[in-house]
Amino acid sequence: MTRELVKFLKARLDEEADLARRCDGDGCGEWSAHGHTVDFCQVDLSGFHPTIALHVALHDPARVLREIEAKRRILARHSRDPWPCNDLRDLASPYADHPGFPARA
């Protein structure tokens, strides 16, 4: 079961890393929020509620990639456990609605 969950998690992290890399094509750095506007480096988009703008900016590609690398380190530490430990289950929990989510996770 651990092997199945590890494989599932690696695939999700790979997908998220790929998407984050594609969102940062110009390598400009961190996104930022300014009131109703999110500065995506390439373009500013306005019309957001300030809280939503902050939330979007918090998920800039550079930060997402750092978070993915941290999750990969946790995954590596537990990938050989005989049964999914609580750390692996916690890493998997955001993907519970994914169609490929392991049934016994």
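## F101 and the model

F101 is partly exposed, because its relative accessible area is 22%. Buried means under 20% relative accessible area, exposed over 50%, and partly exposed in between (1.4 Å probe, protein chains only). F8, at 6% relative accessibility, counts as buried.

This is a predicted model, in which local features need pLDDT of at least 70, side-chain atom pairs count only at pLDDT 80 or more, and totals for chains, interfaces and linings use all residues. Residues are numbered from 1 along each chain as its sequence is written, and side-chain values use heavy atoms, with hydrogens and water left out.

## Aromatic pairs

A pair of aromatic rings is described by the distance of the centres and the angle of the planes. Rings of Phe, Tyr and Trp (its six-membered ring) pair if their centres lie within 6.5 Å; planes under 30 degrees apart count as stacked, over 60 as edge-to-face and the rest as tilted. The whole structure has three aromatic pairs. One of them is F8 with Y95: the ring centres are 6.1 Å apart and the planes stand at 80°, so the pair is edge-to-face. This pair links distant parts of the chain, with F8 in helix α1 and Y95 in the segment after α4 (86–92), 87 residues apart. Helices are DSSP runs (H or I, at least four residues), numbered from the N terminus. Both F8 and Y95 are buried.

F8 also pairs with F101. Here the centres are 5.6 Å apart and the planes are at 90°, so this pair is edge-to-face too. F8 lies in helix α1 and F101 in the segment after α4, so the pair ties together parts 93 residues apart in sequence. Ring pairs join F8, Y95 and F101 into a cluster.

R12 lies over the face of F8, 4.7 Å from the ring centre. A charge sits over a ring if NZ of Lys or CZ of Arg is within 6 Å of the ring centre and within 35 degrees of the ring normal.

## Nonpolar core

A nonpolar core is a set of buried Ala, Val, Leu, Ile, Met, Phe, Trp, Tyr and Cys residues joined through side-chain atoms within 4.5 Å. The largest one has 15 residues, and L5, L9, L13, I68, L75, L88 and Y95 touch the most other members. Helices α1, α3 and α4 each give two or more residues to this core. The most come from α1, with seven residues.

## Cavity

The structure holds one cavity of 30 Å³ or more. A cavity is a set of points on a 1 Å grid over the protein atoms alone where a 1.4 Å probe fits but cannot get out; lining residues have an atom within 4 Å of a point. About 40 Å³ of space lies in the largest cavity, a volume being the space filled by probe spheres set on the points.

L9, L13, K71, L75, L91 and Y95 line the largest cavity. Two or more lining residues come from each of α1 (2–23) and α3 (61–78). The lining divides into five nonpolar residues, no polar and one charged. Here Ala, Val, Leu, Ile, Met, Phe, Trp, Tyr, Cys and Pro count as nonpolar, Asp, Glu, Lys and Arg as charged, and the others, Gly among them, as polar.

A20 lies in helix α1. At 6% relative accessibility, A20 counts as buried. Its C-alpha atom is separated by 19 Å from that of A92, 72 residues apart along the chain.

I52 is found in helix α2 (residues 50–58). I52 is partly exposed, with a relative accessible area of 45%. I52 and A33 are 9.1 Å apart, C-alpha to C-alpha, and 19 residues apart in sequence.

Methods. 1 Å grid on protein atoms, 1.4 Å probe; cavity = no way out; pocket = protein on both sides within 12 Å on 5 of 7 lines; lining within 4 Å.
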